Amino acid sequence: MRRIAMTALPLILMACSAENATGQNAAAPVDKPFATATIADFDSPWAMTFLPDGRALVTEKAGEMLLFDPKNGTKIPIAGIPTVDSAGQGGLMDVVLSPGFAQDKMVYFSFSESRDGGKGVALAKGGFAQASDGTTSLTDVQVIFRASPYVEGNGHYSGRIAFSPDGKYLFFTNGERQKFDPAQDPKSTLGKVLRLNPDGTPAAGNPLAAKGFHPAIWSYGHRNLLGIAFDADGRLWEQEMGPKGGDEVNLIKPGLNYGYPTVSNGSHYDGRDIPDHKPGDGFEAPKVSWNPVISPGGLLYYSGDMFPAWKGSLFIGGLSSKALVRVKLDGENAAKGDQWDMGARIRDVDQGPDGALWVLEDGGDGSQGRLLKLTPKR
Ligand SMILES: [Ca+2]
Ligand SMILES: [Ca+2]
């Protein structure tokens, strides 16, 4: 037994140094340039968004939305959320405020549901209301868009939401539900970035409608899109989980085909190759890709002043990589920046009113689902 152990050791060391030598999975122990404070514990949180008064809405996978006050730790359950199917990767997902929230109090959120014909991701809105006794609800909740078609299975719903900087359009991501081909199917919204009006109807002038595509489609050929964010110049950035290898950050432009499942810098989990993105293949290549994967769970474009060196960077929460990942942007180009080991699956990253970074752990695989606040190290 001892001989076997002695023989195995150099192989393990070699494997480790080989991985580090690529520099791609560099969660090596580095001094983090931020201080980390644990603010609260949640049960598998999925997304958060700050209200103008500094409180926040936090979604939990099983279907609860909470009004959270970072000042005193108070959590108030919000009534009015529809029934959620939270099996597998499903759950109550993203939450964002209407661009006119100060006046219209409207909250947009996404969730997976089970209906006749299968399961899918839905987009809903409701009015934020808090009574004088503190009771909080979303009122007149309406589902304003459903992915199509609904199918069997519990994976790759996606469901991220972002408003365009002018507030006129709502971008919504639909994953390919682990069914591959729908990402290239012009009639399906699966594996697509969609552009909608704030009432959930397809926006007029979407780039592929005249070619017979579903009128909501903005771009296609995507896999599991767990982050979209606009930068300060109005460019739309998206991240998606690739298959075995091939996680991507893409610059989203109208009407383009991002390749999945025809091309990917990764390969299928069963070992079959997928041709990599190549110049001239007719597909839009990612600006950054990862192999081994980081498993991107959420995306933030950082516009704050608290970390001046990172203003204009993307931040990604890494699930399997248990990392916070920074991607540097330069116009239409992007490049890998930092990757900090966080010791837990990271689901989402948000920016506080003061420019602090707020990080939600996923709550799976041994982590607690904590809310962390990152501030510059003194
Ligand atoms: Ca791609
Ligand atoms: Ca490949």
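Which residues is Leu314 in contact with, leaving aside its neighbours within four places in sequence? They are Ala229, Trp237, Val249, Leu299, Leu300, Tyr301, Val327 and Leu329, where contact means that the C-beta atoms of two residues, placed from the backbone, lie within 7 Å. You are looking at a predicted model, in which local features need pLDDT of at least 70 and side-chain atom pairs count only at pLDDT 80 or more, while totals for chains, interfaces and linings use all residues. Residues are numbered from 1 along each chain as its sequence is written, and chains are lettered from A and ligands numbered from 1 in the order in which they are written.

**The whole protein**
- The protein has two helices and 24 strands (DSSP runs numbered from the N terminus: H or I of at least four residues for helices, E of at least two for strands).
- Its radius of gyration is 21 Å, close to the 21 Å from the globule rule for 378 residues, so the protein is as compact as a globular protein of that length (the radius is taken over C-alpha atoms, and the rule is 2.2 Å times the number of residues to the power 0.38).
- Of the 378 residues, 44% count as buried (20 or more other C-beta atoms within 10 Å of a residue's own; 12 or fewer is exposed, in between is partly exposed, and C-beta atoms are placed from the backbone).

**The nonpolar core**
- Leu314 is also among the five residues that touch the most other members of the 89-residue largest nonpolar core, together with Phe171, Trp237, Leu324 and Val359 (such a core is a set of buried Ala, Val, Leu, Ile, Met, Phe, Trp, Tyr and Cys residues joined through C-beta atoms within 7 Å).
- In soluble globular proteins, nonpolar side chains tend to be buried together.

**Strand β20 and its partners**
- Six of the eight residues of β20 (323–330) are buried, so this strand is largely enclosed by the rest of the structure.
- Strand β19 (314–318) runs antiparallel to β20 and is joined to it by five bridges (strands pair if DSSP finds at least two bridges between them).
- Ile316 has Val325 in β20 as its bridge partner.
- Four residues lie between β19 and β20 in their hairpin, and Lys322 in the turn has a positive phi of about 50°.
- On to β21 (333–341): seven bridges join this strand to β20, again antiparallel, and Val327 stands opposite Lys336.
- This second hairpin has two residues between its strands, with Gly331 in the turn at a positive phi of about 60°.

**A four-stranded sheet**
- An open sheet with antiparallel pairing has the order β1-β24-β23-β22.
- Its edge strands, β1 (34–41) and β22 (346–351), each pair on one side only.
- Four bridges join β23 (357–361) to β24 (370–376), and Leu360 has Leu371 as its bridge partner.
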